Amino acid sequence: MRPVPATDYLSGYPADLVAQVRQLIAQDKVAGLLRKKYPAPHDVRTDKALYDYVLQLKNEYLRNAGQLSKVMFDNKLQVLHNALGTHTTHSRVQGQNLKAKKEIRIASVFKETPPEFLRMIVVHELAHMKQREHDKAFYQLCMYMEPGYGQLEFDLRVYLSYLDAGGAALWPALPRCPLPSSPSSQ
Ligand SMILES: [Zn+2]
């Protein structure tokens, strides 16, 4: 693995913490740690399922934030550099005029993550319906929807750093099991 990742997903965190993560990546220990903490992937694979998922969270926490016109996984955001961005540029990367249209686009990389990471990014994007910048009010809104938000965003950034350093995806979608044949066809 490359010792220095191409994108610094961890900028903004304390240097000793970042050094620790870099070391874990270099020692090939990140995959085991993340899999242990987040054993299973979620099952939200289609835009329709994603829409239902987002709407449920929005109805629970942000009922008055306006109507969502569109929710989708976006392959163009699959490039990891755009998956989450950095604290300072992300609102431009994912935010520009999407906010006005009340669209939520989730990078396709989130199709193959544990439920906790999907919830984290959806909470993040929902919070942008009310708060454009990554300021204190924004993070308070994220924490209101998901009290573990801070840790989840950090763990996600660790995962993205691991992928960026050449690590294999940890929660790849398994091929769907064929449906058991119905009794009538036997
Ligand atoms: Zn953002």
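Predicted model: local features only at pLDDT ≥ 70, side-chain atom pairs only at ≥ 80, totals over all residues.
Residues are numbered from 1 along each chain as its sequence is written. The pLDDT is the predictor's confidence in each residue, from 0 to 100.

**How confident is the model?**

- The protein chain has an average pLDDT of 82, and 76% of its residues score at least 70.
- Confidence is highest in helix α2 (residues 30–37), with a mean of 97, and lowest in helix α5 (residues 90–95), with a mean of 47.
- Over residues 79–83 the pLDDT is below 50, and this stretch has 13 contacts in the model beyond near neighbours in sequence; two residues are in contact if their C-beta atoms, placed from the backbone, lie within 7 Å.
- The pLDDT is also below 50 over residues 85–93, a stretch with 13 contacts beyond near neighbours in sequence.

**The overall layout**

- The chain contains nine helices and two strands; helices (H or I, at least four residues) and strands (E, at least two) are DSSP runs, numbered from the N terminus.
- Reading from the N terminus, the order of elements is α-α-α-β-α-α-α-β-α-α-α.
- Of the 186 residues, 27% count as buried. A residue is buried if 20 or more other C-beta atoms lie within 10 Å of its own, exposed if 12 or fewer, and partly exposed in between, with C-beta atoms placed from the backbone.
- Among contacts between residues at least 6 apart in sequence, 74% join residues at least 24 apart.

- Helix α1 (residues 15–26) has twelve residues and reaches 16 Å from its first C-alpha to its last, close to the 16 Å expected at 1.5 Å a residue. The expected span of a helix is 1.5 Å times one less than its number of residues.
- Is V21 buried or partly exposed? V21 counts as partly exposed because it has 18 C-beta neighbours inside 10 Å.
- Leaving aside residues up to four places away in sequence, V21 touches L10, V158 and S161.
- V21 and S161 are 140 residues apart along the chain, yet their C-alpha atoms are separated by 8.8 Å.
- D28 lies in the loop between α1 and α2, and its phi is near 60°, a positive value in a residue other than glycine.
- Most residues other than glycine have a negative phi.
- D28 has 11 C-beta neighbours inside 10 Å, so it counts as exposed.

**Helix α9**

- Helix α9 (residues 149–164) has 16 residues, which should span 22 Å at 1.5 Å a residue; its end C-alpha atoms are 22 Å apart, so the two values agree.
- Buried residues in α9 include Y149, L152, L156, V158 and S161.
- Just after α9, G166 takes a positive phi of about 105°.

**The nonpolar core**

- The largest nonpolar core has 32 residues, and those with the most contacts inside it include I106, F110, F117 and M120. A nonpolar core is a set of buried Ala, Val, Leu, Ile, Met, Phe, Trp, Tyr and Cys residues joined through C-beta atoms within 7 Å.
- In soluble globular proteins, nonpolar side chains tend to be buried together.
- Two or more residues each come from α2, α3 (47–61), β2 (103–107), α7 (115–127), α8 (136–145) and α9. Helix α7 gives the most, with eight residues.
- M120 touches E146, Y149, L152, E153 and L156, not counting residues up to four places away in sequence.
- M143 lies in helix α8, and its C-alpha atom is 9.8 Å from that of M120, 23 residues away along the chain.
- M143 is partly exposed because 14 other C-beta atoms lie within 10 Å.

- Y38, in the loop between α2 and α3, is buried because it has 20 other C-beta atoms within 10 Å.
- Y38 and W171 are 133 residues apart in sequence and 9.4 Å apart in space, C-alpha to C-alpha.
- E112 is found in the loop between β2 and α7. With 17 C-beta neighbours inside 10 Å, E112 counts as partly exposed.
- Not counting residues up to four places away in sequence, E112 touches P41, A169, W171, P172 and A173.
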